[in-house]
Amino acid sequence: MLTLYHAPKSRSSRIVTLLMALDAMSEVDIRLTDIPRQDGSGARDPNNPHPEGKVPLLVTEDGEMIRESNAIMLYLTDRFPSDLAPAVGAPGRGAYLSWLFWYGNVLEPAYVHQIAGLSHPALTATFRGMPEAVAYLVAGLGEGREFLMGDHFSAADLLIASPFLWFPEATPDVPVIRDWVARCGAEPVMKETAIFDAKALQDMGRVPV
Ligand SMILES: N[C@@H](CCC(=O)N[C@@H](CS)C(=O)NCC(=O)O)C(=O)O
C-alpha cells in the first residue's frame, strides 16, 4: 500500500483531493502528520521521513519516497489512470506536464515573491512575475475553455487553483480566472476534502480552523 504523510489544511490536502477524485483513497494509508504552522502552532513530526519534515510525502510499497506536490500528482495520475490526466502518449500529455511543472517552477515562486514584496532582476529573469503568470493562465483558459485541459476538471486545475482557493483575496482580479477558480472550488471533492481535514484535525486533538 502507498503511504501519504498528510497535514490537514496544508499543501498535502490537494493530494487527498486528488486521491478522492481518482477514487484511490482505499489504496493509500494516510498518516496524519504534524508540521510547524505559520501561527506558531504545530511542530516537526519525528515520524515524518521527509528530509525537511514537510508534507506532502508519498512513500511507495518499495519504500521509495516521492516529494513535491507536482511529482506526487504525476505519479498518482499515472498509477491510477482517469480523465483527470492524459496518459503517456495521449493527446494533451505535453500540456498536462507543462502545467504541472509550470506550477512548481514558475507560478509558486512568482506568487511567493509577490507576497514577500521581493523584486530583483535575477528573479524577474528566471521566473518573470505574477503579471506574466496571470497572462499565461488567461491564455490557457482562452477560447471558451472551462478548465486548463479543456472541458473537464483535471489534476492540473486542482494544483494550480489551490493557492487561490486557500487565499481567495490573492486571486487575480480577472473574470476568466475568478470564474475558473470558482468552478474548481465547486468540484465535489473539494468539499469532501474540507470535511476529511476537519475530522483529521479533531483526531489530532486540534480545533478545526
Ligand atoms: N514544494 C513543496 C512544498 C511543501 C511545503 O512547503 N509544505 C508545507 C505545508 S503547506 C510544510 O510541510 N511546511 C512545514 C515546514 O516548513 O516545516 C510541495 O509543493 O510539495
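This is a predicted model: local features need pLDDT of at least 70, side-chain atom pairs count only at pLDDT 80 or more; totals for chains, interfaces and linings use all residues.
A residue counts as buried under 20% relative accessible area, exposed over 50%, and partly exposed in between, using a 1.4 Å probe and protein chains only. Residues are numbered from 1 along each chain as its sequence is written, and side-chain values use heavy atoms, leaving out hydrogens and water.

Back to Glu 143, which sits in the loop between H5 and H6. Helices (H or I, at least four residues) and strands (E, at least two) are DSSP runs, numbered from the N terminus. Although Glu 143 is not a glycine, its phi is positive, at about 55°. Most residues other than glycine have a negative phi, and most peptide bonds are trans. Glu 68 also has a positive phi, about 80°, without being a glycine. You'll find Glu 68 in the loop between strand S4 (65–67) and helix H2 (69–79), and it is partly exposed because its relative accessibility is 43%.

As for the peptide bonds, have a look at Val 55 and Pro 56: the bond joining them is cis, with omega about 0°. Pro 56 belongs to the loop between strand S2 (28–32) and strand S3 (57–59).

Now for Ser 154, in the loop between helix H5 (130–140) and H6. Ser 154 is buried, because its relative accessible area is 2%. Its side chain reaches the backbone nitrogen of Ala 156 at 3.1 Å; a polar contact is a pair of N or O atoms within 3.5 Å, where within protein one must be able to donate a hydrogen and the other to accept it, and residues adjacent in sequence count only if both atoms are side-chain atoms. Leaving aside residues up to four places away in sequence, Ser 154 touches Leu 84 and Met 149, contact meaning heavy atoms within 4.5 Å.

Finally, follow H6 (residues 155–166) to where its axis comes within 10 Å of that of helix H1 (residues 13–21), crossing at roughly 140°. Axes are lines fitted to C-alpha atoms, for helices over the stretch in contact, and angles run from 0 to 180 degrees between N-to-C directions. So H1 is oblique to H6: angles under 35 degrees count as roughly parallel, over 145 as roughly antiparallel, 65 to 115 as roughly perpendicular and the rest as oblique. H1 brings Arg 14, Thr 17 and Leu 18 to the contact, while H6 supplies Ala 155, Leu 158, Leu 159, Ser 162 and Trp 166.
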